[in-house]
Amino acid sequence: MSEATDGTTPAGTTTVSSEVVEKITVAAAKAVPGVAELGGDVARFFNSVLDKVGLDQVGDGSRGVTAKVTGSDVTVNVVLVLEAGRVVAEVTAAVQQAVTAALQGYGLNVLAVNVNVDDIAGV
């Protein structure tokens with residue numbers, strides 16, 4: 001938080017959009033070993049169609065993630081596809097830890113990181 005030149009805190013508010021929280025979450029979740037992809041069946045289908053027609057970047061920023069932001073409190077829902085042969089509980093716990101750390105690094109208070117394993121890649 002910055003201070004005014006006279007030592008007082010300036011008036012005003014700071015808000016963080018759900019889209020920003022979703023992008024941070026996507027980056028953190030994709031970095032976890034064992035996460036093959038983000039998004040449920042329908043989202044992955046539509047994104048594959050977009051990829052085929054040359055719009056491969058559309059929707060990638062928040063694919064598979066939704067966020068609810070109230071002030072500095074955030075709750076995120078992550079839908080992911082696991083790599084085959086991975087232990088579900090280990091990967092989901094690692095996703096929760098990585099997402100929480102990433103969001104806290106931006107000064108946000110993480111209330112919950114809900115992870116839904118939608119599929120297993122290669123099975």
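Biologist: Is Glu83 buried, partly exposed or exposed?

Modeller: One reads the relative accessible area, found with a 1.4 Å probe on protein chains only: under 20% is buried, over 50% is exposed, and in between is partly exposed. Glu83 has a value of 29%, so this residue is partly exposed. Please note that this is a predicted model, in which local features need pLDDT of at least 70, side-chain atom pairs count only at pLDDT 80 or more, and totals for chains, interfaces and linings use all residues. Residues are numbered from 1 along each chain as its sequence is written, and side-chain values use heavy atoms, leaving out hydrogens and water.

Biologist: With which residue does Glu83 form a salt bridge?

Modeller: A salt bridge requires a side-chain nitrogen of Lys or Arg within 4 Å of a carboxyl oxygen of Asp or Glu. The partner of Glu83 is Arg86, and their closest N and O atoms are 3.2 Å apart. Arg86 has a relative accessibility of 38% and therefore also counts as partly exposed. By this rule, the count for the model is one salt bridge.

Biologist: How many helices and strands does the protein have?

Modeller: Both are DSSP runs numbered from the N terminus: helices are H or I with at least four residues, and strands are E with at least two. There are three helices and four strands here. Read from the N terminus, their order is α-β-α-β-β-α-β.

Biologist: At what angle do α1 and α3 pack?

Modeller: Axes are lines fitted to C-alpha atoms, for helices over the stretch in contact, and angles between N-to-C directions run from 0 to 180 degrees. Helix α1, residues 18-30, and helix α3, residues 88-105, pack at about 135°, and their axes are 9 Å apart. They are therefore oblique to each other, the class left once angles under 35 degrees are called roughly parallel, over 145 roughly antiparallel and 65 to 115 roughly perpendicular.

Biologist: Which residues make the contact between α1 and α3?

Modeller: Contact means heavy atoms within 4.5 Å. From α1 come Val21, Ile24, Thr25, Ala28 and Ala29, while α3 supplies Val95, Ala98, Val99, Ala102 and Leu103. These residues divide into nine nonpolar, one polar and no charged. Here Ala, Val, Leu, Ile, Met, Phe, Trp, Tyr, Cys and Pro are nonpolar, Asp, Glu, Lys and Arg are charged, and the others, Gly among them, are polar.

Biologist: What surrounds Leu103 in turn?

Modeller: Leu103 lies in helix α3 and is buried, with a relative accessible area of 0%. Neighbours within four places aside, its contacts are Val21, Ile24, Thr25, Val74, Val76, Leu108 and Val110. Leu103 and Val21 are 82 residues apart in sequence, yet 7.3 Å apart from C-alpha to C-alpha.
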